[in-house]
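Colleague: I'm new to this one. Can you put it up and walk me through it?

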Amino acid sequence: MTMPTKFSSVQAESYARDGFLSPLAALTREQAGSYRGKLEAFEQAVGGPLTSDGTDPRYRSRTHVLLTWVHALVRQPAILDAVEDLIGPDILVYTSTWFIKEPESTAIAAWHQDATYFGLRPYVHVTAWLALTDATAENGCMEFLPGSHGRGQLPHRAGVAGEFSLHHTLCLHRSQPNRSSRRRIGLAISYIPTHVQHLGVKHKTPAMLVRGVDTFGHFELEPAPAVDLDETARAAYARSYDGYRAAYAEQVALEGR
């Protein structure tokens, strides 16, 4: 029996040609607003915004291991259905990262490929960028370079609320400053099939199984949080964060050589 797919043939061809696909529906505006409220409450609890220069920038990453509501976002059925069309039914979350631009922020993200920083092979990793606010040219939305994923790994130097985009790990993308008077909030979720491996040899990298089964055992599987910020979730998050940072540092060192 042929399983139903999320994408039309036109969408599938567009992703294969361009390396990205947008926009796709995941949440209603009301749901997105509810999740923004949860994010703001968490930011108050940790003492500052989840920006690159926030009070504790550690909490920008991997909060799907710490917070039940972020875990619910990375397991959003509409997102997983779309990702499954691209990489198959056995899916890991490799990491998640909050990308928040404050009003009138001059911060940018220069053209880059995600593959540079992750050290995953083969190159089948796909990132879902989920908007919890409107993402516009004025407030620094994601911009993609169509077809750039076909150029391989290159040397590097340093939508609407509730919708998401998908992009290939080799697709060049960037974002411009936020010139608006409102925050721009997005959650980037990195999905990989279970057969993918990390290039590092010193550390077994953490990842979370969110659909299907893992018969390969290439990653240290993480538990889902049962209660926000409880002792068990905090301990799992500490292991997750430390393991990811170790793998990231090893990959950066390899790229530097």
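Modeller: One term before we start: contact means heavy atoms within 4.5 Å. Also, this is a predicted model.

Colleague: Fine. Leaving aside its neighbours within four places in sequence, what is isoleucine 79 in contact with?

Modeller: Beyond those neighbours, isoleucine 79 is in contact with Ala26, Leu73, Ala128, Leu130, Phe164, Ile189 and Tyr191.

Colleague: And which residues touch the most other members of the largest nonpolar core?

Modeller: Trp69, Ile79, Trp98, Phe164, Leu166 and Tyr191 do, out of 45 residues in that core. Helix α4, residues 77-87, gives the most to this core, with 5 residues.

Colleague: Which residues are buried in α4?

Modeller: Ala78, Ile79, Leu80, Ala82, Val83 and Ile87 are buried there. In soluble globular proteins, nonpolar side chains tend to be buried together.

Colleague: What follows α4?

Modeller: Glycine 88 does, and its phi is positive, near 100°.

Colleague: Back to cores. Which residues does the second, separate core include?

Modeller: That core has 10 residues, and Ile192, Ala207, Phe219 and Ala247 are among them.

Colleague: Let's switch to histidine 203. Where does it lie?

Modeller: Histidine 203 is in the loop between β10 (197-198) and β11 (206-211). Histidine 203 counts as partly exposed because its relative accessibility is 36%.

Colleague: What is histidine 203 in contact with, leaving aside its neighbours within four places in sequence?

Modeller: Ala246, Ala247 and Glu250. As for tyrosine 244, it is 41 residues from histidine 203 along the chain, and the C-alpha atoms of the two are separated by 9.0 Å.

Colleague: And serine 240, which helix is that in?

Modeller: Serine 240 is in helix α6, which covers residues 231-256.

Colleague: Is serine 240 buried or exposed?

Modeller: Buried, because its relative accessibility is 2% and the cut-off for buried is under 20%. Apart from neighbours within four places in sequence, serine 240 is in contact with Arg62, Val65, Pro206 and Glu222.

Colleague: Arg62 and Glu222 are both on that list. What do arginine 62 and glutamate 222 form?

Modeller: A salt bridge, with the closest N and O atoms 3.2 Å apart. Glutamate 222 is buried, with a relative accessible area of 11%. Arginine 62 is buried as well, with a relative accessible area of 0%.

Colleague: How many salt bridges does the structure hold?

Modeller: The structure holds 8. One of the pairs is arginine 29 with aspartate 134, at 3.1 Å, N to O. That pair links distant parts of the chain, 105 residues apart: arginine 29 is in helix α2, and aspartate 134 is in the loop between β5 (126-131) and β6 (142-144).

Colleague: How do arginine 29 and aspartate 134 count, exposed or buried or in between?

Modeller: Arginine 29 counts as partly exposed because its relative accessibility is 47%. Aspartate 134 is also partly exposed, with a relative accessible area of 30%.

Colleague: What about arginine 17, which residue does it form a salt bridge with?

Modeller: Aspartate 18, and the closest N and O atoms are 3.1 Å apart. Arginine 17 counts as exposed, at 53% relative accessibility, whereas aspartate 18 is buried, with a relative accessible area of 15%.

Colleague: Which residues are linked in a network of salt bridges?

Modeller: Glu43, Glu102 and Arg183 are linked that way.

Colleague: Last topic, cavities. How much space lies in the largest cavity?

Modeller: About 30 Å³. Ala115, Phe118, Leu120, Arg121, Pro122, Tyr123, His125 and Thr169 line the largest cavity. The elements giving two or more residues to that lining are α5 (115-118) and β4 (120-121).

Colleague: How does the lining of the largest cavity divide?

Modeller: Into 5 nonpolar, 2 polar and 1 charged.

How values were computed:
Residues are numbered from 1 along each chain as its sequence is written. This is a predicted model: local features need pLDDT of at least 70, side-chain atom pairs count only at pLDDT 80 or more; totals for chains, interfaces and linings use all residues. Side-chain values use heavy atoms; hydrogens and water are left out. Helices (H or I, at least four residues) and strands (E, at least two) are DSSP runs, numbered from the N terminus. Buried means under 20% relative accessible area, exposed over 50%, partly exposed in between (1.4 Å probe, protein chains only). A nonpolar core is a set of buried Ala, Val, Leu, Ile, Met, Phe, Trp, Tyr and Cys residues joined through side-chain atoms within 4.5 Å. A salt bridge is a side-chain nitrogen of Lys or Arg within 4 Å of a carboxyl oxygen of Asp or Glu. On a 1 Å grid over the protein atoms alone, a cavity is a set of points where a 1.4 Å probe fits but cannot get out, and a pocket is an open set with protein on both sides within 12 Å along at least five of seven lines; lining residues have an atom within 4 Å of a point. Grid points are joined across faces, edges and corners, and a volume is the space filled by probe spheres set on the points. Ala, Val, Leu, Ile, Met, Phe, Trp, Tyr, Cys and Pro count as nonpolar, Asp, Glu, Lys and Arg as charged, and the others, Gly among them, as polar.
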